[in-house]
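I set down here what I looked up in this structure, entry by entry.

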Amino acid sequence: MKLTPLGDRVVLKQLVAEETTKSGIVLPGQSKEKPQQAEVVAVGPGGMVDGKEVKMEVKVGDQVIYSKYAGTEVKLDEEEFIIVRQNDILAVIQ
């Protein structure tokens with residue numbers, strides 16, 4: 001199956017968090033929170049959303065940082081995705 005977002009929505013696949021710090025300290029599972037970095041998997045068409053013209057500024061393959069509590073988590077074919085609105089994306093990592 002394939003997810004195709006509508007309007008100004010973007011499908012993200014969360015990037016895996018590092019298990020150790022740069023100095024080599026292993027982080028226990030409870031102390032980590034989910035990373036807010038993800039890769040763009042699919043992008044909606046944009047267009048008119050809530051009476052305003054929306055131009056999509058991200059593309060498939062971009063790595064982005066998104067708002068902490070944004071989006072809807074979806075599990076499809078044993079993979080987890082997050083569907084967010086474009087304005088929930090804070091930055092593109094280059």
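**Entry 1: Gln 86**

I located Gln 86 in the loop between E7 and strand E8 (89-93); strands (E, at least two residues) are DSSP runs numbered from the N terminus. I note that the model is predicted, that local features need pLDDT of at least 70 and side-chain atom pairs pLDDT 80 or more, while totals for chains, interfaces and linings use all residues. Residues are numbered from 1 along each chain as its sequence is written, and side-chain values use heavy atoms, with hydrogens and water left out.

Is Gln 86 buried or exposed? I found Gln 86 buried, at a relative accessible area of 12%; buried means under 20%, exposed over 50% and partly exposed in between, with a 1.4 Å probe and protein chains only. A polar atom of the Gln 86 side chain lies 2.6 Å from the backbone nitrogen of Glu 57. Setting aside neighbours within four places in sequence, I listed the contacts of Gln 86 (heavy atoms within 4.5 Å) as Asp 8, Val 10, Val 54, Lys 55, Met 56, Glu 57 and Val 58.

**Entry 2: Salt bridges**

How many salt bridges does the structure hold? I found three, a salt bridge being a side-chain nitrogen of Lys or Arg within 4 Å of a carboxyl oxygen of Asp or Glu.

I examined Arg 85 and Asp 8, whose closest N and O atoms are 2.8 Å apart in a salt bridge. Arg 85 belongs to strand E7 and Asp 8 to the segment before E1, so this pair ties together parts 77 residues apart in sequence. Asp 8 is buried at 6% relative accessibility, whereas Arg 85 is partly exposed at 28%.

I then turned to Lys 13 and Glu 79, whose side chains form a salt bridge at 2.8 Å, N to O. Because Lys 13 lies in strand E1 and Glu 79 in strand E7, the pair ties together parts 66 residues apart in sequence. I recorded Lys 13 as partly exposed, with a relative accessible area of 31%, and Glu 79 as partly exposed at 34%.

For Asp 62 and Lys 59, I noted a salt bridge with the closest N and O atoms 3.1 Å apart. Asp 62 is buried at 11%, while Lys 59 is exposed at 54%.

**Entry 3: Strand pairing**

I looked up the partners of E1; strands pair if DSSP finds at least two bridges between them. E1 and E7 run antiparallel and are joined by four bridges, with Arg 9 opposite Arg 85 in E7. E1 also pairs with E2 in the antiparallel sense, over five bridges. Lys 13 has Glu 39 as its bridge partner in E2.

**Entry 4: The core**

I found 14 residues in the largest nonpolar core, that is, a set of buried Ala, Val, Leu, Ile, Met, Phe, Trp, Tyr and Cys residues joined through side-chain atoms within 4.5 Å. Those with the most contacts inside this core include Val 10, Leu 12, Val 64 and Ile 89. Strands E1 (9-14), E2 (37-43), E5 and E7 (79-85) each give two or more residues to this core. I checked Leu 12 and, beyond its neighbours within four places in sequence, found contacts including Val 40, Val 64, Phe 81 and Val 84.

**Entry 5: Gln 63**

I placed Gln 63 in strand E5 (residues 63-66) and recorded Gln 63 as partly exposed, at 33% relative accessible area. The C-alpha atoms of Gln 63 and Ala 91 are separated by 8.7 Å, the two residues being 28 apart along the chain. Not counting residues up to four places away in sequence, Gln 63 touches Leu 15, Ala 38, Glu 39, Ala 91, Val 92 and Ile 93.

Conventions. A polar contact is a pair of N or O atoms within 3.5 Å; within protein, one must be able to donate a hydrogen and the other to accept it, and residues adjacent in sequence count only if both atoms are side-chain atoms.
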